[in-house]
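Thank you for making time this morning.

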Amino acid sequence: MHNRLATQSSPYLLQHCQQPVDWFSWCEEAFEEAAAKDKPIFLSIGYSTCHWCHVMAHESFEDQEIADILNNYFISVKVDREERPDIDSVYMPICQSFTGSGGWPMSIFMTAQQKPFFAGTYFPPVSRQGMIGFKELLLAIAKQWRERKSSLLATADQIIDAVRKEQQSADQNSYEDRIPDQTAWHLPAHAAHLFSQSFDAVRGGFGNAPKFPLAHNLVFLLLYAKLSNDQTAAHQALFTLKQMRKGGIFDQIGYGFSRYSTDAHYLVPHFEKMLYDNALLILAYAAAYKSSGDTFFLETAEQTADYIFREMTNDDGAFFSAQDADSEGEEGRYYTWSYEEIQRVLGAERGSTFCSHYGITKAGNFEGKNIPNLLQTDRPSIDSAFASELKRLYEYRKTRTSLHLDDKILTSWNALMICAMTVLYRVSGKPQYLTAAVHAQSFIEKRLTDGNLLYVSCRSNTRSVHGFLDDYAYDILALLSLYEVTGSCTYLERAKALCQEAMAQFGDKRGGYYLYGANNDALISRPKESYDGALPSGNSTLALCFVRLSQLTQDPLYTKAAEKQLVYLAKESAHYPAGYSVFLTALLFHTNPPEKITVVLSSEDTAQKVLPLLPLYADLTILEHETGSYKLLNGKTTYYVCKNHTCLPPVNTLE
C-alpha cells in the first residue's frame with residue numbers, strides 16, 4: 001500500500017511512501033484539508049541519510065497504532081530539508097527554543113496557517129528514560145486541540161509575534177556605507193583568538209566532542225595565517241587536518257570523510273558521508289598542501305576526490321548527495337571490522353601487520369568491532385605499504401549489504417564540489433579534476449536552470465522547487481572558480497548574470513539577503529541567514545562572490561555591493577566572529593587583494609605543468625600565446641606579476 005508520497009522524487013519522501021501514515025508533501029492541499037477538518041498539522045522534517053530519522057520512522061511511522069492516531073487527529077506533512085531548506089530554516093529556531101537544541105528529525109506541531117505551537121526532535125514510540133513517548137504526545141496534543149484549542153492558538157500567535165519582532169529588530173539595523181578600517185583586522189584577529197582558546201592541542205579540532213569538520217573555518221585560519229604570518233593559526237589548522245585524516249572520521253579503506261566525529265579523538269564517526277563535507281574538505285586539504293608543501297595533504301584531497309568519482313558521481317558527471325550510515329539496521333556496520341575478518345581476507349601474516357598499523361585489535365575499538373585508523377602512527381605512509389591490502393579489503397567490503405545512496409542532485413552541493421575540483425586542479429595540475437568540474441557545471445546549466453533561474457535539485461528527470469540564496473551564491477562561486485582556471489569569459493558572464501538575478505530576488509535594501517525570494521513559497525517568516533554553520537551561509541558566500549567579481553572585473557556595481565555586504569556582515573558577526581569564517585575570508589580578500597599573475601606559456605609548457613608552481617592566493621591569467629602586452633622573455637615561459645598596485649618586470653621563474 002502506498003500513500004501520497006509515492007509520486008514524489010525525493011529519496012527521503014520515498015522512504016516513507018509505504019508507511020501507514022497518510023502523509024502529505026508540503027502543499028496547499030495539506031493546509032486546506034487541515035483547515036476544512038479543523039485538525040492540527042504534524043510536520044516532520046528530515047533527510048534520507050539521517051540515522052535518527054530512520055529510527056523514528058521504523059519505531060513510530062511504521063507502527064499501525066501510531067499511524068491511526070496521526071491519521072485520525074492530524075494532517076501529517078513530510079519535508080526533505082535538503083530540498084526545502086527554507087522550511088527547515090523557519091522552523092529550526094522554533095524547535096531550538098522549545099528543546100534548547102535542534103536536529104533531525106524535526107517534529108513540529110502547528111495550525112493550518114503554519115503557526116507552530118509545539119516542537120521537538122526525535123521521540124521514542126513510548127515514554128522511556130525521561131523522554132515522552134510519541135504516542136502519548138500525540139494523544140495529549142489531540143486532547144488539547146479538542147478541549148483547549150484557544151490556548152494552543154494563543155501559544156502559536158505568541159511564537160509568531162516573537163519571531164516577527166526579532167526579525168523586524170534585525171531588519172531595522174542601519175548600516176554605514178563602508179566598513180571601518182579597524183574592522184579589517186580586528187574581526188579576523190578576534191576570530192583567530194577565539195579559535196585558539198578552544199583548540200584541542202592534543203587531539204586536534206576545536207572544543208569537545210562531537211567534533212564537526214567545519215572545513216571553512218580551517219580555510220579561514222590558513223588564509224589568516226598566510227596574511228598575518230600567524231604560525232599558531234597555521235599549526236592549529238594543519239594539525240587538525242592531519243588528525244582528521246588519521247582518524248576514523250576518514251574512511252581508511254574506501255576514502256572520503258564522514259559527517260562528524262562522535263568523540264574527541266576523531267576515531268568514531270557518525271558514519272554517513274555528505275557531499276558538501278567532502279567538497280569543503282577537498283578545498284581545505286588542497287589549501288593545506290599549498291600552505292605547507294606537505295604532500296600528505298594533497299594525497300588526502302586526491303583520495304577524497306577518488307571516492308567521489310567512484311561512488312558519488314552519475315553518468316552525466318553530476319554528484320550525488322549522500323551515503324547512509326546504516327546497513328542491516330545498524331549504524332556503521334558497513335565500515336567496521338573484526339580482527340579475525342581482516343585475517344581471513346589478507347592472510348595471517350599480512351593481516352597481522354595491517355591490523356597493527358591500522359589500530360585493529362581482537363578487543364576492538366568500537367562496540368567490539370574495529371574502525372581502521374592511523375591515530376597511533378606519528379607519520380603515516382598513505383597507502384604505499386598497504387596498497388594491495390587496501391584494495392582487497394575495499395573489494396571485500398563491497399560484498400556487504402550496500403549502503404543507501406541519496407542520489408538526488410543538489411545545485412548548491414554540486415557547486416561546492418565544482419569549487420573543490422577546480423582548486424584541486426589548480427594545485428595538482430591534473431586535468432581529470434577540471435574535467436569533473438566542467439561536466440558538473442554543464443549538468444547544472446542543462447538540468448537545473450531556466451534562463452537565469454536556478455532550481456534546488458533534480459532526480460529522475462524531475463526538478464524540485466526554485467532555488468534559494470545558497471544555490472545562487474554557491475554556483476556563482478563555482479563559475480568564478482572555473483573562470484579563474486580556464487580563462488573562459490563564458491563562466492564570468494554567467495556568474496555576473498546569476499549575481500544580478502540573486503541581487504534582484506533576495507536583496508534587502510536595508511542590508512543582507514533573504515534565504516528565499518519572490519519565486520519561492522511565502523512562509524510565516526523570512527529568514528536572513530548569515531552564520532556559517534555546517535555549510536557556509538548564503539550571505540557570507542555572496543559577500544565573497546561580490547569581492548571576487550569586483551577584483552576580477554573592476555566593475556563599480558560589484559565593488560559597491562561588496563562593501564555594503566561586508567558592512568552588513570561585520571555588524572552581524574561582531575558578537576562572535578569565529579562563527580562567520582566565510583565572511584572573514586571575504587573580508588581578507590577585500591582588504592588584501594591577491595597579486596595578479598599573468599603567465600605566457602612557451603611551446604614547451606602547458607597550464608597543467610605550470611599551475612602547481614603558482615601560489616593559490618593569486619588571480620591567474622594563463623596565455624598560450626604572446627600578445628601585444630604580454631611577450632615571452634628569452635623564449636621561455638614568462639611571468640608578469642602585479643601586487644600592491646605595482647607591476648614588476650617580467651621573469652622566467654617566480655622565485
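Predicted model: local features only at pLDDT ≥ 70, side-chain atom pairs only at ≥ 80, totals over all residues.

How many disulfides does the structure hold? The answer is two, where a disulfide is a pair of cysteine sulfur atoms within 2.5 Å. Residues are numbered from 1 along each chain as its sequence is written, and side-chain values use heavy atoms, with hydrogens and water left out.

Let me begin with the disulfide that joins cysteine 50 to cysteine 53, with an S to S distance of 2.4 Å. This link is right-handed, with 80 degrees about the S-S bond. For exposure I use relative accessible area, with a 1.4 Å probe and protein chains only: buried means under 20%, exposed means over 50%, and partly exposed lies in between. On that scale cysteine 50 is buried at 3%, and cysteine 53 is buried with a relative accessible area of 3%.

The other disulfide joins cysteine 642 to cysteine 647, with 2.1 Å from S to S. Its torsion about the S-S bond is about 105 degrees, so the disulfide of cysteine 642 and cysteine 647 is right-handed. Here cysteine 642 counts as partly exposed, at 22% relative accessibility, whereas cysteine 647 is exposed, at 57%. If we number the bonded cysteines of the protein in sequence order, the pairing reads 1-2, 3-4.

Cysteine 499 counts as buried, at 0% relative accessibility. For cysteine 27, the closest cysteine sulfur is in cysteine 17, at 16 Å, again too far for a bond, and cysteine 27 is partly exposed at 22%.

Turning to the strands, I take helices (H or I, at least four residues) and strands (E, at least two) as DSSP runs numbered from the N terminus, and two strands pair if DSSP finds at least two bridges between them. Strand E17, residues 595-600, is mostly covered, with five of its six residues buried. Six bridges join E17 in parallel to strand E18, residues 618-623, and within this pairing threonine 598 has threonine 621 in E18 as its bridge partner. Strand E19, residues 638-643, runs antiparallel to E17 and is joined to it by five bridges, with tyrosine 639 in E19 as the bridge partner of valine 599.

There is also an open sheet of three strands, in the order E12-E15-E16, with antiparallel pairing. Strand E12 (409-410) and strand E16 (462-463) stand at the edges with a single partner strand each, so one side of each is left without a neighbour in the sheet. Strand E15, residues 457-459, pairs with E16 in the antiparallel sense over two bridges, and cysteine 458 stands opposite arginine 463 in E16.
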